[in-house]
Amino acid sequence: MTGTLPIKQAATGVALILAIAAPWLLSAYDLNLLARFLALSLTAMGLVLIWGEGGILSLGQGVFFGLGGYALAMHLKLAGLAEGELPDFMIWSGTEALPWWWSLVKSPFAAVAAVLVVPTALGALMAWAIFRRRIGGVYFALITQALALAFATLLVSQQGLTGGFNGLTDYQTLFGFNLNLPSTTLALYFITLALVVAGLLGLRWLLASRYGKLLRASRDGANRMRFLGYDPTPYKVIAFAVAALLTGMSGALFTLHAGVVSPALVGVVPSIEMVIWAAIGGRNSLIGAIAGALLVNFAKDKISTAMPEVWLYGLGALFIAAVTILPQGLAGLFGPDHPFRPGKAGDLFARWRRERAKTASQPIAGEAAP
Amino acid sequence: MDAAFLFGQLFNGFSVASLYILAALGLALSFGLMRVINMAHGEILMVGSYLAYLTILFVPGPMGIIVAMLVAFLGAGMLGGLLEVTLVSKLTSRPLDTLLATWGVSLILQQAARDLFGATGVSVTAPAWLDGGFALGPLQLPTIRLFILLLAALILGGLAALLRYTRIGLLVRAVNQDRATAAAMGVNVRQVDAFIFALGAGVAGVGGVVLALLGPVTPTVGQGYIVTAFLVVILGGLGSVVGTTLAALMIGLFMALSQIFVDVSFAQVLTLIFVILFLQFRPQGVIAVRSRALDAE
């Protein structure tokens with residue numbers, strides 16, 4: 001990153017130290033929340049890659065989140081069972097044999113592989129099918145939204161295969177470790193933190209590379225890129241697949257920390273909420289995305305337990321504020337990670353600045369406002 | 001599978017398509033004109049439904065539903081106009097941001113409806129003259145469904161006539177074809193935008209009345225239709241009325257006919273795959289408005 005201020009580096013360092021010390025500073029409940037929300041920040045970072053840098057708004061990230069979450073949750077359900085036994089909800093809903101795609105994740109290594117491979121592969125395939133035909137922008141956003149709806153509906157309707165509306169819950173062991181022991185929880189927290197830091201550094205490297213430059217070019221002028229002999233499609237497909245990978249990991253980690261995965265986490269509404277994490281933090285800032293995911297979710301947790309009806313008004317206002325007042329998110333307040341893009345029609349602050357400049361210059365006779 | 005069942009599904013397809021047309025027309029018009037998608041469109045349907053509920057409380061009797069449609073048209077249209085002037089018009093250069101901001105509006109409207117009317121549904125009873133049905137051989141076609149089909153056809157016809165024969169229609173077509181040139185020729189594009197947005201919201205309001213006739217009115221009543229309405233807009237092409245109509249018919253029939261073989265949720269997935277596959281062959285949708293602009297989206 002160019003031109004980072006020392007104060008920003010210092011703040012990042014302090015945040016990292018606090019995150020490492022968190023298990024000794026927070027109550028078990030708050031630590032669990034922190035772990036969950038750190039897991040979610042991987043999704044937000046993926047959105048910075050595709051939305052902020054690639055100009056691709058996906059309203060269906062819940063699908064990849066769910067694929068990661070369910071792949072792991074299916075394994076966790078099987079891990080607690082004896083050979084030949086069926087998960088409890090299958091017995092209740094009269095499913096007689098374990099479906100073949102459940103037996104694929106019987107081994108924990110296969111489950112981890114599925115968490116990594118399935119979302120990435122589906123993301124790449126979808127992105128290729130759509131971007132190949134130069135479909136983008138609002139069209140892409142709406143198609144992914146429909147995907148999220150279809151995915152959640154499928155999960156709910158296939159009660160006997162997916163646990164239906166209640167999802168999958170009640171996990172005991174992973175790789176032989178008891179998930180209910182405090183030491184396991186602590187280890188999982190540090191694994192999550194390590195993955196978030198690795199994701200941050202990896203994406204930083206990716207965005208600083210030549211690839212990152214070409215991705216931004218495909219956002220800002222796809223046709224100009226074509227004239228120069230580049231095809232924008234593969235750059236977008238790679239970005240979308242990487243984001244799907246991060247989101248899948250995010251879903252799996254969240255499932256571990258929350259102890260449940262259900263259609264309520266993967267549908268249309270949660271998928272759009274994911275976008276607001278990146279928007280509030282700053283769609284062009286990876287650190288901002290982490291901060292946004294943590295802030296919005298802690299706010300949601302605190303507000304919605306106290307006054308559930310207020311939260312939806314608050315969330316709605318956040319969406320409106322994020323695009324009208326703070327298009328660069330909170331990161332936009334702290335010096336540019338990227339050069340500030342001035343003067344877009346919707347930027348209320350830019351207009352306010354223009355108008356202030358106009359009124360300020362009025363007393364000087366004969367001088368035109370800029 | 002017997003023929004009567006097949007025809008029944010076909011009729012269902014047309015019936016559902018007529019709902020999608022009412023829900024999607026406003027979206028398609030404003031999308032064609034401004035390239036923005038209004039995520040609060042579902043809540044405009046919802047507002048139409050609640051306006052119908054309130055109107056019937058004050059104007060009972062057989063003609064209440066007609067009054068309700070007028071009230072919903074005007075009320076939803078005013079709400080749409082307000083939304084356009086205060087928010088959407090400020091964001092037209094950033095379509096994806098418009099989408100997020102209007103999503104925020106939709107959350108606020110939903111919660112407001114929950115606070116005003118409660119989370120459980122209220123219901124609107126259809127007047128007696130919409131009860132019953134026509135027998136067509138072994139098939140029973142409900143009057144109410146026929147009424148909705150007729151209503152959709154009337155609105156489509158009215159809209160087409162408005163766009164074809166009136167001065168405002170001429171202006172709308174001019175802005176639709178080439179915004180910059182129209183503006184240079186003295187067309188007030190801002191007013192045209194606001195007019196179309198309000199008109200589209202009004203149509204959605206009437207759609208909301210129809211939804212109120214078919215089932216309970218809840219704060220999320222619009223959500224059930226809106227995602228499919230978005231698909232209709234994508235499939236239909238850039239804001240063409242004909243394209244929207246054809247796309248609504250295609251999706252309605254595809255859903256109804258695929259439900260012969262699979263359940264509703266699979267039908268939804270298949271419909272989505274159908275739309276993506278269709279766009280592989282015609283990325284510009286059923287009807288494309290030709291543009292010479294290089295970076296048109």
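A salt bridge is a side-chain nitrogen of Lys or Arg within 4 Å of a carboxyl oxygen of Asp or Glu. The legends below describe close-up views of a predicted model.

**View 1. The salt bridge between chain A and chain B.** The side chains of A:Arg283 and B:Asp97 form a salt bridge, with a distance of 3.1 Å from N to O. The count of salt bridges between chain B and chain A is 1. Side chains of opposite charge can pair when their charged atoms come close. Across this interface, 6 residue pairs are in polar contact.

**View 2. The helices of chain B that face chain A.** On the side of chain B that touches chain A, at least two residues each are supplied by α4 (95–117), α9 (223–236) and α11 (264–281). Helix α4(B) provides the largest share of that side, with 15 residues. Sorted by class, this side of chain B has 28 nonpolar, 7 polar and 9 charged residues.

View 3. The contact involves 44 residues from chain B and 48 residues from chain A. About 4200 Å² is buried between chain B and chain A, and carbon and sulfur atoms give 73% of this area. Within chain B, the residues that lose the most area to chain A are B:Leu96, B:Leu100 and B:Gln280, which together account for 15% of what that side buries.

**View 4. A salt bridge within chain A.** The structure holds 10 salt bridges over all chains. One of them pairs A:Lys302 with A:Asp30, whose closest N and O atoms are 3.8 Å apart. A:Lys302 belongs to helix α14 (residues 286–306) of chain A and A:Asp30 to helix α2 (residues 28–53) of chain A, so this pair ties together parts that are 272 residues apart in sequence.

**View 5. The hairpin of strands β1 and β2 in chain B.** Strand β1 (residues 133–136) and strand β2 (residues 139–142) of chain B run antiparallel and are joined by 4 bridges. B:Gly133 stands opposite B:Pro142 of β2(B). Between the strands of this hairpin there are 2 residues, and B:Gly137 takes a positive phi near 65°.

**View 6. Segments of chain B annotated as transmembrane.** An unreviewed UniProt entry annotates several stretches of chain B as "transmembrane region", including residues 50–83 and 144–163. Residues 50–83 of chain B are 85% helix and 0% strand, with end C-alpha atoms 18 Å apart. Residues 144–163 of chain B are 100% helix and 0% strand, and their end C-alpha atoms lie 28 Å apart.

How values were computed: Residues are numbered from 1 along each chain as its sequence is written. Chains are lettered from A and ligands numbered from 1 in the order in which they are written. This is a predicted model: local features need pLDDT of at least 70, side-chain atom pairs count only at pLDDT 80 or more; totals for chains, interfaces and linings use all residues. Side-chain values use heavy atoms; hydrogens and water are left out. UniProt positions are given in the numbering used here, feature names are shortened, and annotations may be inferred rather than shown by experiment. Two strands pair if DSSP finds at least two bridges between them. Contact means heavy atoms within 4.5 Å. Buried area is the accessible area (1.4 Å probe) that two parts lose on being put together, summed over both. A polar contact is a pair of N or O atoms within 3.5 Å; within protein, one must be able to donate a hydrogen and the other to accept it, and residues adjacent in sequence count only if both atoms are side-chain atoms. Ala, Val, Leu, Ile, Met, Phe, Trp, Tyr, Cys and Pro count as nonpolar, Asp, Glu, Lys and Arg as charged, and the others, Gly among them, as polar.
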